[in-house]
Amino acid sequence: MNIDSPDGVRSPSSADPKHPKKLICTSLATSKPLPLPLPPTDKPLPPAAATPETSAANIQATQEEAAAVAAAATASASALRTETSTPTSATEQDLVAHAARAHQFVSNPPLTVSQLHPTNPLHQFHSWFRDPRLLPASAPETCTLATASLPSGRVSARVVYLKELDERGWTVYSNWGSREGKGRDVFGETAGEDDGPRPIPEPGAGAGAVDEDLQGEFGGGNRWAALTFLWSGLERQVRIEGLVEPLSREESELYWRTRERGSQIGAWASWQSKVLWRAEPEMLLERRRKSLDPTLHQVPRNVEERDIDDGRAVLEERVREVERRFEGIKEIPLPPFWGGVRLVPESVEFWQGRKSRLHDRFRYVKVGEEMGAIRWRIERLSP
């Protein structure tokens, strides 16, 4: 084990920067990590304690045996590297020779255009979401929300929960006051504010000054976002792209009242995505708990057990402050920086896995309005 590395695993050498060691491989049929040998130690073995049974010859033999094991481990790890795109190791050749070991989408029926709602992707989503094969225990409301900041275009994503679906779009609730996360991406940055979370803009507060003008920006924010649902048991995905609009405070309060008190306290206490603590690698090496051996990492048995100071105490002190602030108050008010946003779709894709990766993909694309109703074109996409 390399004690100069924070996790005890030797980094790729400068002579081989493009082929780092593979630590986990889940591509085989077992879908389990392949057992890889630990890297050889960079230091000689410590001398054995002097006893009548341990002679100099025994110590030398032990060290020679350890050196042989280390050499074999190095050779095995090197075999898992690929010098070119041509498979060279036994593992990679096995993968190519047994391509069928990769997951095949064969357990569910195809998706045909006759199964799709002819005019409305939200109704089609509702139909899929109510599929009895989607068990509540699988949390089918789980989805990934992706946003991008301007002007860099840097994309970030996080897992959220769908809470509402109406005729306008998909609604999620969260903390949007962050200057480091999705709040900054969507609503932009505002100069001259303090370090606290900033409030969610009211509907109609964009550059267009009207709620219907979804293209309007909030202080340079990017209102384009995407939601993705994955229901692996049904081999289905739903991909939604559109524009974000904030809910009114009254709408957000309706959901806020359903949250347990502890979650309400936590929402007030957390300035989401604000850095609470930081440490450079050198500091972590000095303060690393117990051992550098990556096989000896231990999870505390007591949830209250503490390791080194890592900023958690700062968050918990803020929670205590909020608890004191609202002590004796039956209904905790909705924070101005917390609430719901609705993703109003511009396109919605329904994806059904099929054999040989020839998946069925149908996309609804918004093409305009007619007599107050949105018109959608349906397209089949190549897999």
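Tutor: Helices (H or I, at least four residues) and strands (E, at least two) are DSSP runs, numbered from the N terminus. This is a predicted model: local features need pLDDT of at least 70, side-chain atom pairs count only at pLDDT 80 or more, and totals for chains, interfaces and linings use all residues. Residues are numbered from 1 along each chain as its sequence is written, and side-chain values use heavy atoms, with hydrogens and water left out.

Student: To how many aromatic pairs does the count come?

Tutor: Rings of Phe, Tyr and Trp (its six-membered ring) pair if their centres lie within 6.5 Å. Planes under 30 degrees apart count as stacked, over 60 as edge-to-face and the rest as tilted. The number of aromatic pairs is 14.

Student: In which helix do F125 and F129 lie?

Tutor: The two are 4 residues apart, about one turn of the helix. Both belong to residues 121-129, helix α3.

Student: Is F129 buried or partly exposed?

Tutor: Buried means under 20% relative accessible area, exposed over 50%, partly exposed in between (1.4 Å probe, protein chains only). F125, at 1% relative accessibility, is buried. F129 has 27%, so F129 is partly exposed.

Student: How many residues apart in sequence are the parts that Y255 and W338 tie together?

Tutor: The rings of Y255 and W338 are stacked, with centres 6.1 Å apart and planes at 5 degrees. Y255 lies in helix α5 (residues 249-256) and W338 in strand β7 (residues 338-352), so the pair ties together parts whose separation in sequence, in residues, is 83.

Student: Which residue lies over the face of W128?

Tutor: A charge sits over a ring if NZ of Lys or CZ of Arg is within 6 Å of the ring centre and within 35 degrees of the ring normal. For W128, the distance from the ring centre is 4.0 Å, and the residue is R236.

Student: Which residue in β9 is the bridge partner of Y364?

Tutor: Two strands pair if DSSP finds at least two bridges between them. Strands β8 (residues 360-370) and β9 (residues 373-380) run antiparallel and are joined by 8 bridges. The β9 partner of Y364 is I378.
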